[in-house]
Amino acid sequence: MKLKSLLNVALSAAVAASFMIAGSATAAPIKITGAGASFPAPIYSEWFKDFAKKTNGEIKVDYQSIGSGGGIKNFIGHTVDFGASDAAMKQSEIDEVPEGVQLLPMTAGAIVIAYNLPGIDGLKLPRNVYPEIFLGKITKWNDAKIVAANPGVKLPDTPITVVVRSDKSGTTFGFTGHLSAISSDFKSAVGQGTMVQWSAGNMVKGKKNDGVSSAIRQTPGAIGYTEYGFAKLNKLPTACLENKAGKFVCPGPEGGAAGLANAVLPENMIVFIDDPEGDTSYPIVTFTWMMFYKKNKSAELAEALRNMVEYCLDEGQKIADKAGYIPLPESVVEKVKAASKNIQ
Amino acid sequence: MSQTGLEHPKLERQPMEPRALKSIILSGITIVCAITACIPLFSVLIMLFYRGGKRLTFQLFYTLPPGAFDSAGVGGFGNAILGTAFMVGIAGLISVPFGILAAIYLAELDPYSKISEIARFCAKTMTGLPSIIAGVFAYAIVVLVMGHYSAWAGGIALSLLMIPTVMLTAEEAIKMVPNPMREAAYGMGCTPAQSLIKVILPVAMPGIITGVVLAVARAAGETAPLLFTALFSESWLSPNDPTASLAVLIYNWSSSPYENLIELAWAASLILVVLVFILNILSRTIGGKIKR
Amino acid sequence: MIKMKVPCFLFRRLKKMADNESLGNIGGRTLSKPPTPGDIFFDKSFRFLTRAFTWATIFLLAFIVYKIGGEALPAFSDLGINFLFTSAWDSSEDLYGLLPQIWGTLYSSFLALILGGFFGITIAIFITQDFLPYQIEITLKNIIELLAAIPSVVYGLWGIYVLVPLIRPFANFLHEYLGWIPFFSTRLSGLGLLPAALVLSIMILPTVAAISQDAFKAIPQKTKEAAFGMGTTRWEAILLVLLPTASGGIFGALVLGFGRALGETMALAMLIGSMSTVTLSVLSPADTIAALLANTFPEAARGLETAALMYAACVLLLITLLVNIAGAVIVAKTTQGGDKR
């Protein structure tokens with residue numbers, strides 16, 4: 001008897017639940033699933049929330065921040081509708097996708113060096129110093145080279161703990177690209193990649209930009225690289241770096257925009273800026289891309305994706321600044337809009 | 001009392017005597033050890049209530065996760081609670097019939113055959129299966145086949161973890177049904193199926209439910225199987241898409257630098273632990289009824 | 001009178017029989033009746049179903065092993081047995097080695113076993129040797145069992161935000177003054193073997209305690225009485241008589257606790273630091289096979305890297321299988337015939 005009543009209750013609960021689930025999918029909105037880089041994740045989630053409102057819930061985009069490596073893997077494996085990566089895609093990866101790949105830069109940002117030294121703001125790191133820190137050659141905060149660049153700042157006698165990424169990262173790709181460009185030692189010892197074998201002694205690994213920022217925050221004496229927006233939102237002190245022209249530039253909208261200004265976007269939409277020219281340029285900037293299939297599952301989906309891209313290029317760029325990202329220059333926006341017609 | 005040249009031992013307790021002293025010291029150490037072992041539990045609970053409780057409002061149950069730019073105190077994880085409930089529900093729907101039916105065969109119909117021995121061994125092995133492997137397996141057979149992440153994949157991964165527990169506890173419960181009941185049922189002319197469904201299972205039900213509740217408690221807290229089957233989502237439940245769950249939420253936001261998300265992670269942990277504790281205590285109360 | 005639940009279908013038949021006596025029974029008193037063809041069909045299909053699910057259990061485990069082993073085949077041939085003895089994880093060069101992870105898994109579980117095993121056995125002694133009034137005994141037992149119920153990911157969260165800041169000063173002290181001992185030779189930067197092993201020991205403590213309690217309860221009362229009769233103090237009895245007698249079961253408890261620690265995924269993924277190094281220092285970060293899978297699988301490049309991860313999963317399966325089987329066999333052998341209190 002008890003078994004029967006239990007079964008009855010379970011059955012009615014199941015029926016009720018299925019009605020609830022069916023009810024929540026009222027007007028059959030188009031659902032787009034995307035996954036990838038953590039670098040632009042904060043601004044992407046803002047964009048997509050706003051986009052859903054603008055389309056009255058007809059197009060819902062769900063973006064999961066899992067790192068550029070995960071984005072590329074899922075895109076190649078066809079488990080998502082679009083991917084995102086700050087390392088774009090290698091030719092060998094593009095070749096694995098039979099439907100064709102359309103890479104579109106959506107936004108750009110500065111990669112900053114954040115640190116955890118209570119009471120010390122705006123640390124200056126010259127061009128020959130910060131690669132050495134990440135190589136593990138400079139191991140203490142009060143090393144002569146750092147002290148020389150920061151007169152008047154009392155640097156403690158603590159070991160430097162370097163925070164790096166534990167996952168495959170487009171941010172790592174951009175950062176190591178820059179370090180390889182300015183330091184031949186770094187290029188031969190570590191090189192550029194989405195995942196590299198760091199040679200520093202005291203290391204801590206963080207997952208995604210979030211984990212790196214969190215690790216820097218919790219580890220006294222830590223130094224690491226992350227996207228500007230993350231450092232800004234979490235009030236992490238960032239270092240002012242010496243750029244190609246020999247000037248110290250602190251991270252910020254002007255430095256980032258100047259660094260990006262001279263970028264020329266080729267046909268395949270992929271360009272990496274390893275060492276920008278200009279007095280006011282911040283030295284480490286990178287675009288971040290969304291990857292789309294040239295041939296999609298349905299024309300409906302393709303149209304929704306094109307609408308999404310258009311929104312990001314028009315409305316989306318307006319909040320880039322406030323969020324800590326660099327608005328795309330007009331010339332770039334034009335090119336991207338033209339290329340987005342390839343999403344069919 | 002009187003000295004007779006014989007040393008008789010004092011018959012009162014002599015705490016300072018070496019052997020007794022040793023015993024008392026060891027007892028003291030043991031008490032300290034027992035208290036120390038309880039400290040982590042209390043520490044976890046206190047931290048949960050303190051840091052999670054700060055954020056505990058009804059808003060948590062019907063709002064969606066916040067974005068990075070939302071101000072502090074905004075957002076909730078209603079979709080995660082729903083997602084966990086849905087996926088555990090699917091896992092239960094798969095594992096409970098599976099486990100009970102297999103347990104019936106093992107306990108009742110053919111307990112000593114080779115097949116039963118092998119099946120029992122398989123079930124015991126599966127209890128020790130690392131949860132990440134269940135996730136990898138479900139990824140290979142569901143996500144890759146369906147072409148996208150979904151709640152179904154998450155549910156199937158969780159069911160792999162629930163089946164052995166349900167099966168083994170159900171087997172024990174059925175074995176414990178007193179023989180006179182079986183014999184009486186057969187004496188009435190019941191077929192084995194009828195005796196099972198009408199007599200044996202109802203009597204074994206408290207034991208079986210104990211096992212199911214324990215398995216559900218375990219599945220609700222599992223993260224690894226859901227990491228690459230259901231992924232995560234910031235919108236409401238949609239079974240054919242990536243789905244949020246409490247456990248993955250806690251995992252994702254534990255390494256987040258945003259205070260808001262860390263607070264929400266603590267609040268989610270609080271809700272999860274309270275849920276699991278209630279289920280555990282429930283299973284013990286039901287199980288206790290058998291012993292009467 | 002033997003009281004018995006009257007099954008539903010029989011009750012209705014009883015009523016029918018009482019109302020009309022045309023069912024071919026003697027004087028309306030017999031309750032038994034041969035099964036109808038419908039009943040037989042239902043019975044046969046039900047029994048077939050149960051048999052099918054039993055086969056399905058075996059098939060399920062076989063399928064899991066087959067699927068994971070199958071995906072790992074390319075790695076078996078490409079990387080061979082060297083996989084187990086090299087230390088690299090470089091997806092751009094396609095160099096994979098599992099040695100640091102195997103070491104990390106075994107070392108962290110071993111450290112956890114020392115701490116968790118010691119506390120587990122102590123608590124088992126405390127609970128079963130009449131130190132406490134019955135009520136408190138039950139409460140303590142329940143508290144320890146609740147420790148096992150807390151999800152792994154919550155332990156990870158607690159570890160990151162509560163345990164690591166707590167042990168940081170202690171770890172720095174160990175490194176500064178005892179750094180010459182290889183166990184403390186590196187500086188604790190945050191996550192690492194020490195916090196991971198501590199949390200792991202908390203997680204296996206209930207397992208060890210529960211099985212050890214069973215082992216102690218299995219000792220015949222006479223043994224204890226004999227020891228006390230000879231004039232031993234309580235602890236002399238425990239250390240010299242009871243522990244040796246229960247040693248088989250306790251050993252089994254330790255092995256099973258070890259097996260549980262080996263398979264633990266989330267708490268370690270969050271606390272171990274994911275660094276591919278083979279080190280004796282408990283203050284350094286390390287990696288375990290399960291943590292490697294959790295962290296690397298979502299973005300592993302298809303092809304050799306995924307196959308290498310599946311290879312790692314096979315290794316993990318093998319290790320946990322062996323240890324769990326060994327533990328189960330030991331426990332079964334040593335608690336036979338000992339259910340008398």
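**Sheets and interfaces**

Reply: In chain A, strand E9 (residues 240-242) and E10(A) run antiparallel and are joined by 2 bridges. Strands here are DSSP runs of at least two residues and helices are DSSP runs (H or I) of at least four, numbered from the N terminus. Two strands pair if DSSP finds at least two bridges between them.

Me: Before we go on, what kind of model is this, and how are residues numbered?

Reply: This is a predicted model, where local features need pLDDT of at least 70, side-chain atom pairs count only at pLDDT 80 or more, and totals for chains, interfaces and linings use all residues. Residues are numbered from 1 along each chain as its sequence is written, chains are lettered from A and ligands numbered from 1 in the order in which they are written, and side-chain values use heavy atoms, with hydrogens and water left out.

Me: OK, back to E10(A). What is the bridge partner of A:Glu242 there?

Reply: A:Glu242 has A:Phe248 as its bridge partner in E10(A).

Me: And which sheet is that in, in what order?

Reply: An open sheet of 3 strands in chain A, ordered E5-E9-E10, with mixed pairing. Strand E5 (124-125) and strand E10 (248-249) of chain A are at the edges with a single partner strand each, so one side of each has no neighbour in the sheet.

Me: Switching topic: how many residues of chain C are in contact with chain B?

Reply: 81 residues of chain C are in contact (heavy atoms within 4.5 Å) with 84 residues of chain B. Together chain C and chain B bury about 7,400 Å², with 82% of it on carbon and sulfur atoms. Buried area is the accessible area (1.4 Å probe) that two parts lose on being put together, summed over both.

Me: Which three residues supply more of chain C's buried area than any other three?

Reply: C:Leu157, C:Tyr161 and C:Trp235, with 8% of the area that chain C buries against chain B.

Me: How many salt bridges between those two chains?

Reply: There are 2 between chain C and chain B, counting a side-chain nitrogen of Lys or Arg within 4 Å of a carboxyl oxygen of Asp or Glu. One of them joins B:Arg19 and C:Glu236, with the closest N and O atoms 2.7 Å apart.

Me: What about chain A against chain C, how much area is buried?

Reply: About 1,900 Å², of which carbon and sulfur atoms give 45%. The contact involves 23 residues of chain A and 24 residues of chain C. The rule finds 1 salt bridge across this interface. A:Lys168 forms a salt bridge with C:Glu305, the closest N and O atoms being 2.8 Å apart.
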